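User: I would like to go through the spaces inside this protein and the helices around them. Please give the cut-offs as you go.

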Amino acid sequence: MQQIIVDKSLEILTVGQRSVLLGIVAPLVFIVILANVTAIVVNIRRQLRLFFKSCLLSLSLSDLVTGIITSSAYIAQFSTYMTQVWYLGDALCSLNAFLSTTAILANSFTLVTIALDRYMAIFKTVKGTWGTSITFCCIYIILLWAVSAGIASPLISSYYIVDILIIVPGRGVNGSGYELREAHLCLTQKDNTGYYYWLLFTIVFLPLLLLFLWLNGKLAQEIWNRRKPIKAPTAASLATSTATEKTTSYSVISGPDSNKAATVKEPTKSVANKSRKVQQLKMFKVVIAIIVVFFVCRLPTWIFLLIKLHNELYENYHWVLHFSFGILSLCNCAINPILYTFFSDSVKWAAAVRNVLKKFTSLFKRRKSESRVLNNNQSHAPSPVVLKSKNTENIGEEGFI
């Protein structure tokens, strides 16, 4: 027998809250799709190390899946006042949690792998031999996603559809003043699902979180230590150096022309030290930003999910927090392409925007100061003295000639 529910009991958000959340999610999912699809295309075309390229593609794919799955459910819920009703069908009710958890697990494994790859490249000097085979890269990424899907597989049977009848005020069939509508709810057993998520967080996510923090912390520490200036050359090195001007070659790893080596003149020591400090400081900021984004966008979502599954949280502000933390996860999906693929371009765009704003504000301040000085000069100016004579006494009556 179907359960009969009043429509107002399914209304967990106000009209204003739904409008604000929908106004955030709709453009955000567009940004997520555009950023990650662009990142996939760009990373395929770029000349990168094969293993690093495979990890970036896996990261973009997981962000894309997470963004599409999460935003689809949110948009469907925010589009009607009965937010708890499920509109996406039986199959997606079972697969929604499974697909999103699989993508999040693959995303977390990939982020730790990228951190480990950078750690090995800096500390173990295996940048040229670590994951150079296409077979190794394909097998590793397939296993990564297969393990993620296997861990998330219990969620396929955890969520199920419940058919209900909703009492909606209206004309009714027999003039009763209300009508019954068939609807569906996507539910789960909180005890079993909560126990599963606790195990998942304790056994998988928490170790990954700590490993991610340790690897990136060591990278940040090493990058910060390398900001020290280059030591001056010894007498022996000066004696062996020639009088001719030396040249050096470098390769831009993440740029579009990374396969071409450019030859430039070796700068002086002071310029080299300054450039080296700037580059190391930029890398240090990237690592810190990666750590902060991971903590801010991922950790609150999991903590609130664990609390919600073991407590009765059905107040309005509980639902607002629930959807807000979900939007944080969507923000993470949009930020990852910037941090891992387009960071150099983003820094250039940000610098250009900052320069434009700085010029605009300086121009505004200068005009404001000039206007203030002009007003002060006018207020302190002496009053004009008018001299009268017999010839000018009747000037107002006869007019100027």
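Analyst: Ala, Val, Leu, Ile, Met, Phe, Trp, Tyr, Cys and Pro count as nonpolar, Asp, Glu, Lys and Arg as charged, and the others, Gly among them, as polar. The model is predicted, with local features needing pLDDT of at least 70, side-chain atom pairs pLDDT 80 or more, and totals for chains, interfaces and linings using all residues. Residues are numbered from 1 along each chain as its sequence is written, and side-chain values use heavy atoms, without hydrogens and water.

User: How many charged residues are in the lining of the second largest pocket?

Analyst: On a 1 Å grid over the protein atoms alone, a pocket is an open set of points with protein on both sides within 12 Å along at least five of seven lines, and a cavity is a set where a 1.4 Å probe fits but cannot get out; lining residues have an atom within 4 Å of a point. By class, this lining has 25 nonpolar and 15 polar residues, and the charged ones number 3.

User: Which helix gives the most to that lining?

Analyst: Helices (H or I, at least four residues) are DSSP runs, numbered from the N terminus. With 7 residues, the one that gives the most is helix 7.

User: Which residues line the largest cavity?

Analyst: Helix 5 and helix 7 each supply at least two residues of its lining. The classes are 7 nonpolar, 1 polar and 1 charged. The lining residues are S108, F201, F205, L208, L209, F294, R298, L299 and W302.

User: Where does helix 5 bend by about 40°?

Analyst: A bend is the angle between axes fitted to the seven residues ending at a residue and the seven starting there. For helix 5, the residue is F201.
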